[in-house]
Amino acid sequence: MRKPSTIKIGKNLQAIRKSNGFTQEKLAEEIDVSVRYISDIEQDRAKPSYEVLIRICNLFKISLDQIFSKYLAVTNNKILEYPLLGYEKLSKEDKATIEYLIMYFNKK
């Protein structure tokens, strides 16, 4: 595997944040950092500290491999679907609707 020259995770973090319905302001408040710092991370102008990465993972209940998936040689055949990360936060009715739609489309 070719070693990446620069690891950029800003777009991944932004996708994870948005899929959980968080604004930059809300994320910054939840993990106790500035909005500017979140913006800089998402634009790959700053690298998050280990502490910030752990806070993000704990907040969104994800693992570090979901943030660094592009750079890891082993992903255990996982398909990381950021839009589905917010599924667990949905109401029972919304989950039932999604499950119905999946069954409907799988029949076609």
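This is a predicted model: local features need pLDDT of at least 70, side-chain atom pairs count only at pLDDT 80 or more; totals for chains, interfaces and linings use all residues.
**Figure 1. An aromatic pair is formed by F22 and F60.** The count of aromatic pairs comes to one. A pair of aromatic rings is described by the distance of the centres and the angle of the planes. The rings of F22 and F60 lie 4.9 Å apart, centre to centre, with 90° between their planes. This arrangement is classed as edge-to-face, because planes over 60 degrees apart are counted in that way. F22 belongs to the loop between helix 1 (10–19) and helix 2 (24–31), whereas F60 belongs to helix 4 (residues 50–60), so the pair ties together parts that are 38 residues apart in sequence.

**Figure 2. The charged end of K26 sits over the ring of F22.** The distance from this charged end to the centre of the ring is 4.3 Å. Are F22 and F60 buried or exposed? Both F22 and F60 are buried.

**Figure 3. The largest nonpolar core contains 18 residues.** Which members of this core touch the most other members? They are L27, I31, I56, F60 and I67. Helix 1, helix 2, helix 3 and helix 4 are the elements that give two or more residues to the core. The largest share, five residues, is supplied by helix 4.

**Figure 4. The largest cavity is lined by L13, R17, L27, I38, I41, E42 and I56.** One cavity of 30 Å³ or more is counted in the model. Helix 1 and helix 3 (35–42) each contribute at least two residues to the lining. Helix 3 provides the largest share, with three residues. By class, the lining comprises five nonpolar residues, two charged residues and no polar residues. Two of the lining residues, L27 and I56, are also among the core members that touch the most others.

**Figure 5. The largest pocket has a volume of about 200 Å³.** Its lining is made up of 13 residues. Which of these lie nearest the centre of the pocket? I7, I9, K47, P48 and F68 hold that position. The lining of the pocket divides into eight nonpolar, two polar and three charged residues.

Methods:
Residues are numbered from 1 along each chain as its sequence is written. Side-chain values use heavy atoms; hydrogens and water are left out. Rings of Phe, Tyr and Trp (its six-membered ring) pair if their centres lie within 6.5 Å; planes under 30 degrees apart count as stacked, over 60 as edge-to-face and the rest as tilted. Helices (H or I, at least four residues) and strands (E, at least two) are DSSP runs, numbered from the N terminus. Buried means under 20% relative accessible area, exposed over 50%, partly exposed in between (1.4 Å probe, protein chains only). A charge sits over a ring if NZ of Lys or CZ of Arg is within 6 Å of the ring centre and within 35 degrees of the ring normal. On a 1 Å grid over the protein atoms alone, a cavity is a set of points where a 1.4 Å probe fits but cannot get out, and a pocket is an open set with protein on both sides within 12 Å along at least five of seven lines; lining residues have an atom within 4 Å of a point. Grid points are joined across faces, edges and corners, and a volume is the space filled by probe spheres set on the points. Ala, Val, Leu, Ile, Met, Phe, Trp, Tyr, Cys and Pro count as nonpolar, Asp, Glu, Lys and Arg as charged, and the others, Gly among them, as polar. A nonpolar core is a set of buried Ala, Val, Leu, Ile, Met, Phe, Trp, Tyr and Cys residues joined through side-chain atoms within 4.5 Å.
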